[in-house]
Amino acid sequence: MAKSEERIDKWMWATRIFKTRTISTDACKKGRVMVGDTTVKPSRTIKPGDVIKVRKPPVTYSFLVKALTENRLGAKLVPDYLENITPQSELDLLEVVKISGFIDRRKGLGRPTKREGRELSRFKEDALNDGWDFDFDFDDDDEDV
């Protein structure tokens with residue numbers, strides 16, 4: 001017997017939009033989930049044909065509900081239950097964030113990655129091989145005066 005309505009938090013967890021039902025419920029409580037243009041509570045029921053918007057910064061995903069389920073699905077079955085109708089402009093934001101992740105890293109945000117460490121080492125080696133002298137002798141400056 002197929003249901004005609006399902007709780008939104010349960011459905012988002014079952015269709016793998018969120019990893020756990022708790023995270024799904026919290027997203028609703030924090031106002032990150034909308035049906036149409038209205039923020040919804042976790043207990044809000046949905047039906048096939050509804051459009052759900054989920055804000056996972058920096059992107060707002062849009063999903064069309066095709067069918068309902070309350071049991072968690074295998075990843076291959078998810079397309080039977082929802083259609084991702086997120087505009088391409090939103091998806092392009094993900095690429096921008098991936099590219100700028102290395103560039104926009106502020107001071108103090110943890111240790112350098114392995115890649116950054118290799119680049120720093122390569123820079124230091126190149127600087128030393130090009131004749132840069134980092135061992136300054138400040139006593140020599142007094143003689144010139």
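The side chain of Thr-86 reaches the backbone nitrogen of Ser-62 at 3.0 Å, a polar contact in the sense of a pair of N or O atoms within 3.5 Å, where within protein one must be able to donate a hydrogen and the other to accept it, and where residues adjacent in sequence count only if both atoms are side-chain atoms. This is a predicted model, in which local features need pLDDT of at least 70 and side-chain atom pairs count only at pLDDT 80 or more, whereas totals for chains, interfaces and linings use all residues. Residues are numbered from 1 along each chain as its sequence is written, and side-chain values use heavy atoms, with hydrogens and water left out.

Thr-86 lies in the loop between strand 7 (82–84) and helix 3 (88–103); helices (H or I, at least four residues) and strands (E, at least two) are DSSP runs numbered from the N terminus. A further polar contact, of 2.5 Å, joins the side chain of Thr-86 to that of Asn-84. Because its relative accessibility is 10%, Thr-86 counts as buried, a class defined as under 20% relative accessible area, with exposed meaning over 50% and partly exposed in between (1.4 Å probe, protein chains only). Once neighbours within four places in sequence are left aside, Thr-86 is in contact (heavy atoms within 4.5 Å) with Val-59, Thr-60, Tyr-61, Ser-62 and Leu-91.

Ser-24 counts as buried because its relative accessibility is 0%, and, not counting residues up to four places away in sequence, Ser-24 touches Ile-8, Asp-9, Met-12, Trp-13 and Phe-18.

Turning to the protein as a whole, the secondary structure comes to five helices and seven strands, which follow one another from the N terminus as β-α-α-β-β-β-β-β-β-α-α-α. Of the 145 residues, 23% are buried, and among contacts with a separation of 6 or more, 44% come from residues 24 or more positions apart.
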